[in-house]
Amino acid sequence: MSFIQLTDVIKEYKTAHALRGVSMSVEKGEWVNIMGPSGSGKSTLLNIIGGLDSPNSGEVLIDSLDITRLGEDEMAVFRREKTGFIFQQSHLVPYLNAAENVMLAQYFHSMADSKEAAEALSRVGMGHRLTHKPSQLSGGEQQRVCIARALINNPGILLADEPTGNLDRENTKVILELLSKLHTEEHFTIILVTHDPFVARWGQRVLTMEDGAIIKDESPTAGG
Amino acid sequence: MIYEAFVVGFKEGFKVGLVWLVLYAYLNNNGKNHLIRPFYLGITSIAILSLLSISFPSACITKENLGNIIAASFAVLLISSGFALFHASGVRLFGSLSGIWINEKVIQVIIFIGTLLFFFSDSMGTLVFLQDLSLMKEALLGTFVSSASGLIAALVFFLVVFDRLRPLWIGSFFNVPQLLLFLAMVKLLGGGIKGFAELSLIPAVQRGFMKFAHDLIHQMFVLLMIPDHMLLRTTLWNFIGFFFGPKFSSIVSLLILLVLPMMFIRHSFFNPLPAPEAANPAYKRKIVALLMSDRRKKALPIIVFIILIVFAWFSQGGESVTQLYNPKPKPVIADKGIIMIPVKDPTMDLMDGRLHKFSLTEQGEEIRLIIIRKPDNTISVCLDACEICAPEGYGQQGDHVICIFCNTPIPVRTMGEPGGCNPIPLTAATDEQFVKIELDEILRKWQFVKTGKSKEGIK
């Protein structure tokens, strides 16, 4: 049994078929990139894996747990403990500093620990910016805080939706190198959605989607 | 329907229902539902013992003995909860005895005996009270039927609450220390054996603690000023009454009672948690958060108890101590050096159990005497003054006389014993008609009080 196993997942909105019977599997510790044009269903698929959205039918097994059968409270616990998210926008709380933003994630998980938050920020190279507010940080720095925030609760799965979409090539590389380093050290599973072929070259597999279906599953042509 | 009997029956039923509910919820929370059986067995045994005691009354089942058992149960439970708290916080007071708790048979025996000890005094006390009430109301059957109705109504109430609400979640608020403290609180707030006159034990406990506080402060004064300090003896002794006044001593007594619950609160919020073994910091943080949350959850009943105690303390305890029976002294005169007071005349009866005061005037100075019948039906005659306080005299409250100056409660049964804040005893010859007291003895002892030398003892 794979760590993440989707079987015939269908997601329909009123006017569109977002996912048309998607089946896929991801092994524990694997880094999988999902590519495809806008509207192909990449983000919907990511949201379903992360428990942010639910399918109309099909099975979503995460570590042998069918998350489609979870109640609201159980789903909240699943999201809190098993997943970490990074989005295109940083979604950092503007009036909290970098350390406090990380501690906020700790607080909702269990309890805040400033020392641990500082260590996590140091690991992403932000140890010198602990007390800076998001507005005092560059886009790349904000995204690094987001990575620290996503990983602070040791989630097991990191879900990244266009994490470098707002960054220039140089910062994109910095973020991807950081993710690669952390992935090697901590062995968590990464599912990253991107439409950028440069980003898609990082990781171990690339799934290509089109019109709500996976049309290609291959290894990247070249690593970063 | 005899209302008073119904309420007393309801109160006892409510206690049984409440203890059952909390105990059952606690056991259920720990997956030990079957351990409730010894509780049922204990309650059944008490019902049988109570019925037997009506048929075969025993001389040792007296109000005083039962009252003492209830007070002792409260003290034992309170102290046990403290020991259990220390144990739960890692202090192994009993060393290898700790293992006893995992033996289910031992737990079953403890629950059974605990149930017997907890409810037997209440049950017997209620029966004794109901017997008195039935004599007063001249309605034996009506009294017992009313009381049984109250008891059944309370039990039905709990069964309905349990059936409708299934409040088993309350079990998560309790551990052994909280459970023992809860039982102590039920004893404290669940009242004694005098029906309406003692709906809670607060006044009795307050008297006990006030006596303790009094003795403590008094001994401190004595230690500080032996022999009477030249500078202090005329000043501080006169202020000692402040420390024994109803407000000060009531608050000191309340603080003494709250020491243990406050220790629970301290343990719940401030004691460091054991460092958990965990694979990663997030999991470790989660375990710590769960432990902290559990501790705080289990502090909730303690906070409720503290609020209840404080509320009950100020709503009935302090007030009742200050409500004293303090009759006006009747003037008497000596005839050939003897004061003769009739045991009974149309205006009074010295055997009625109430405090009687008399006054005689010597050289323009009023000297007061007190006379009261003791529980053993003997008459006690004393000066209306003690050896240590300013001679403001005594008032009566139930089976105690209270020193008006320092508020110390003195059990009537100890009247006639010299020393401390007890009234200064006088030798009296009593026959069926008169109580005879020698004037010389009164004047001699009064001289000690008047000059303040009584603090060094009356020779």
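Reader: How close do the axes of helix α1 and helix α4 of chain B come, and at what angle do they cross?

Author: This is a predicted model, in which local features need pLDDT of at least 70, side-chain atom pairs count only at pLDDT 80 or more, and totals for chains, interfaces and linings use all residues. Residues are numbered from 1 along each chain as its sequence is written, while chains are lettered from A and ligands numbered from 1 in the order in which they are written. The axes of α1(B), residues 3–29, and α4(B), residues 104–137, come within 11 Å and cross at roughly 175 degrees. α1(B) is therefore roughly antiparallel to α4(B) (angles under 35 degrees count as roughly parallel, over 145 as roughly antiparallel, 65 to 115 as roughly perpendicular and the rest as oblique). Axes are lines fitted to C-alpha atoms, for helices over the stretch in contact, and angles run from 0 to 180 degrees between N-to-C directions. Helices (H or I, at least four residues) and strands (E, at least two) are DSSP runs, numbered from the N terminus.

Reader: Which residues of α1(B) and α4(B) meet?

Author: Among them are B:Val8 and B:Val16 in α1(B), and B:Phe119 and B:Leu133 in α4(B). Contact requires C-beta atoms, placed from the backbone, to lie within 7 Å. By class, this contact has seven nonpolar, one polar and four charged residues (Ala, Val, Leu, Ile, Met, Phe, Trp, Tyr, Cys and Pro count as nonpolar, Asp, Glu, Lys and Arg as charged, and the others, Gly among them, as polar).

Reader: Turning to chain A, how do α3 and α5 cross?

Author: The axes of α3(A), residues 98–109, and α5(A), residues 139–151, come within 8 Å and cross at roughly 25 degrees. That makes α3(A) roughly parallel to α5(A). Residues of α3(A) including A:Asn101 and A:Val102 meet A:Val145, A:Ala148 and A:Arg149 in α5(A).

Reader: Back in chain B, in what order do the strands of the open sheet run?

Author: The order of the four strands is β2-β3-β14-β13, with antiparallel pairing (two strands pair if DSSP finds at least two bridges between them). β2(B) and β13(B) stand at the edges with a single partner strand each, so one side of each is left without a neighbour in the sheet.

Reader: What packs on that sheet?

Author: Helix α11 of chain B, residues 439–451, does, touching β2, β3 and β14 of chain B.

Reader: Finally, how many residues of each chain are in contact with the other?

Author: Eight residues of chain B are in contact with nine of chain A. The chain B side has five nonpolar, one polar and two charged residues.

How values were computed: Two residues are in contact if their C-beta atoms, placed from the backbone, lie within 7 Å.
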